[in-house]
Amino acid sequence: MKKIIISIFVLLVAVAVVLAIWFWQDGKWSPDALKLEILGPEIVQAGEEIEYLVKFKNNDKNRLENVDLVFEFPTHSIPLEGKKQIVVQELDDILPGVEKSIIFKAVLLGQKNDVLEANVEITYTPKNLSAANKNKTSFTTQLKSAPITFEFDLPTKSGQGEDVEFFLNYFSNIDYILQDLRI
């Protein structure tokens, strides 16, 4: 009789452990459940208008609430909508399995071969949890050409002690006004 009681007790403990693990796993939330990425051109010409596509997907079974997105344009860029280098957007809840995307447009400026980085961050709270979570990612684009070319206009001859006058001509290859230029 003792063996039967011990067997039943061991069986009940095993079932309780399995149920506890199952419920614990069911309520557990992973920060990897939100997939976040930025898509865009990897190489562009300076002054070219580009689009960054920010995609995010809720791969979890919980709804994501209190969702805030922060997008930071690269240094030396001109955002085309809103004109702010950092865009903060409050988003609707993201239901399980739902994928959304947002487009950010800009003109990138800089020197030839500059590597410019865009950043995005999403903060959210999974339903039934109190802790806020954060996912971040970035995307880099390289400039393959500069928006300005320079040419010197120098005299072909000059004598010793003679003042020389020369000109520096510069040309813009883009359709945007360039301000605060320094040589």
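This is a predicted model: local features need pLDDT of at least 70, side-chain atom pairs count only at pLDDT 80 or more; totals for chains, interfaces and linings use all residues.
Reader: How much of the chain is buried?
Author: Of the 183 residues of the protein chain, 27% count as buried. Buried means under 20% relative accessible area, exposed means over 50%, and partly exposed lies in between (1.4 Å probe, protein chains only).

Reader: How many helices and strands are there?
Author: The protein chain has one helix and 11 strands. Helices (H or I, at least four residues) and strands (E, at least two) are DSSP runs, numbered from the N terminus. Along the sequence the pattern reads α-β-β-β-β-β-β-β-β-β-β-β.

Reader: Which strands make up the open sheet, and in what order?
Author: The open sheet has five strands in the order 2-9-8-4-6, with mixed pairing. Two strands pair if DSSP finds at least two bridges between them. Strand 2 (43–44) and strand 6 are the edge strands, each pairing on one side only.

Reader: And how many bridges join strand 8 to strand 9?
Author: Strands 8 and 9 run antiparallel and are joined by 10 bridges. Within this pair, glutamate 121 stands opposite lysine 136 in strand 9.

Reader: What does strand 3 pair with?
Author: Strand 3 runs antiparallel to strand 1 (residues 34–39), with six bridges between them, and antiparallel to strand 7, with nine bridges. Glutamate 37 has lysine 55 as its bridge partner in strand 3, and glutamate 49 stands opposite valine 107 in strand 7.

Reader: Which residues of strand 3 are on its covered face?
Author: The covered face holds Ile50, Tyr52, Val54, Phe56 and Asn58. The uncovered one holds Glu49, Glu51, Leu53, Lys55 and Lys57.

Reader: What does lysine 55 touch?
Author: Leaving out residues up to four places away in sequence, lysine 55 touches Lys35, Leu36, Glu37, Leu39, Glu99, Lys100 and Ser101. Contact means heavy atoms within 4.5 Å. At 22% relative accessibility, lysine 55 counts as partly exposed. Lysine 55 and isoleucine 102 are 47 residues apart in sequence and 6.7 Å apart in space, C-alpha to C-alpha.

Reader: Changing topic, how many residues are in the largest nonpolar core?
Author: That core has 28 residues, and those with the most contacts inside it are Tyr52, Val54, Phe56, Leu69, Phe71, Phe104 and Ile122. Strand 8 gives the largest share, five residues. A nonpolar core is a set of buried Ala, Val, Leu, Ile, Met, Phe, Trp, Tyr and Cys residues joined through side-chain atoms within 4.5 Å.

Reader: What is tyrosine 52 in contact with?
Author: Setting aside its neighbours within four places in sequence, the contacts of tyrosine 52 include Ile38, Phe71, Pro74, Phe104, Ala118 and Phe139.

Reader: How many salt bridges are there?
Author: The count comes to eight salt bridges. A salt bridge is a side-chain nitrogen of Lys or Arg within 4 Å of a carboxyl oxygen of Asp or Glu.

Reader: Which residues are linked in a network?
Author: Salt bridges link Arg63, Glu65, Asp93 and Lys127 in a network. Between glutamate 65 and arginine 63, the closest N and O atoms are 3.2 Å apart, and the bridge from aspartate 93 to arginine 63 spans 3.7 Å, N to O. Aspartate 93 lies in the loop between strand 6 (86–91) and strand 7 (99–108) and arginine 63 in the loop between strand 3 (49–58) and strand 4 (64–72), so this pair ties together parts that are 30 residues apart in sequence.

Technical notes
Residues are numbered from 1 along each chain as its sequence is written. Side-chain values use heavy atoms; hydrogens and water are left out.
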